[in-house]
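Me: I'd like a close look at one part of this model. Could you pick a single helix and walk me through what it does in the fold's architecture, in one go?

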Amino acid sequence: MAEIREIITEEDPLLHQDAAEVHRFNSSLHTLLDDMKATMYQANGVGLAAPQVGISKRVIVVDDGENGFIEMVNPVITHREGAAEATEYCLSVPDRGGRVIRATKIKVEAQDRFGNPFSVRASGLLARIFQHEIDHLDGKLFTDVMIAEVRD
Ligand code: ZN
């Protein structure tokens with residue numbers, strides 16, 4: 001059964017480093033993915049990256065509420081177009097938001113939990129979530145790329 005993992009916050013140095021590529025598609029990866037899914041839903045999040053649960057690996061989970069649950073290992077954005085500004089929040093940055101400019105349409109290439117390659121084209125909110133989560137894998141938070149802070 002999946003376990004809820006602790007979400008670390010912005011002062012933790014692990015959130016500011018490059019995450020490692022995954023080479024072993026084994027049971028510990030599957031446990032990580034299952035735990036990340038449970039942790040994301042428990043926190044009412046739309047996305048979660050492995051570094052946010054203290055694991056410096058290139059793994060993300062996403063659910064924008066419209067396109068269903070998506071898990072990705074070693075995701076890479078291979079195409080971007082357009083630009084739009086919106087407010088973003090992050091489970092690792094409590095009580096703050098920021099205005100961030102993101103591409104409006106992207107293509108993401110990734111691997112599934114067994115190492116099989118697949119790709120997803122996304123636009124709008126889903127594209128924004130992918131860009132936010134993949135930034136986490138490069139040690140970037142929205143606070144590093146925002147053009148203005150939003151305080152509620
Ligand atoms: Zn985040």
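Reply: A quick bit of bookkeeping before the tour: Ala, Val, Leu, Ile, Met, Phe, Trp, Tyr, Cys and Pro count as nonpolar here, Asp, Glu, Lys and Arg as charged, and the others, Gly among them, as polar. Also keep in mind that this is a predicted model.

Let's take helix 2, residues 124-137. Its 14 residues should span 20 Å at 1.5 Å a residue, and the end C-alpha atoms sit 21 Å apart, which agrees. Just past the helix, Gly139 adopts a positive phi of about 75°.

Now, how enclosed is it? With buried meaning under 20% relative accessible area, 12 of the 14 residues of helix 2 qualify, so the rest of the structure largely encloses it. The buried set runs from Leu126, Ala127 and Arg128 through to Asp135, His136 and Leu137, and it includes charged residues such as Glu133.

The zinc ion is coordinated by the SG of Cys90 and the NE2 atoms of His132 and His136, at 2.0 to 2.2 Å. Cys90 belongs to strand 4 (residues 84-90) and His132 to helix 2, so this pair ties together parts 42 residues apart in sequence. Written along the chain, the donor spacing is C-x41-H-x3-H. Cys90 has 9% relative accessibility and therefore counts as buried; His132, at 7%, does too.

Then there's the largest pocket, with a volume of about 250 Å³. It is lined by 14 residues, and Val46, Tyr89, Cys90, His132 and Glu133 are the closest to its centre. Strand 4 and helix 2 each supply at least two lining residues, with helix 2 giving the largest share, five. By class, the lining has six nonpolar, five polar and three charged residues.

Nonpolar side chains tend to be buried together in soluble globular proteins. In this model the largest nonpolar core has 19 residues, of which Ile60, Met72, Ile106, Val108 and Phe130 touch the most other members. At least two residues each come from strand 2 (59-63), strand 3 (69-81), strand 6 (105-111), strand 7 (117-123) and helix 2. Helix 2 again makes the largest contribution, with six residues.

Definitions and conventions
Residues numbered from 1 in each chain as written. Predicted model: local features only at pLDDT ≥ 70, side-chain atom pairs only at ≥ 80, totals over all residues. Heavy atoms only, no water. Helix = DSSP H or I, 4+ residues; strand = E, 2+ residues; numbered from the N terminus. Expected span 1.5 Å × (residues − 1). Buried < 20%, exposed > 50% of the residue type's maximum accessible area, 1.4 Å probe, protein only. Donors = N, O, S within 2.8 Å, 3.2 Å for Na, K, Ca; no water. 1 Å grid on protein atoms, 1.4 Å probe; cavity = no way out; pocket = protein on both sides within 12 Å on 5 of 7 lines; lining within 4 Å. Points joined across faces, edges and corners; volume = space filled by probe spheres on them. Core = buried A, V, L, I, M, F, W, Y, C linked by side-chain atoms within 4.5 Å.
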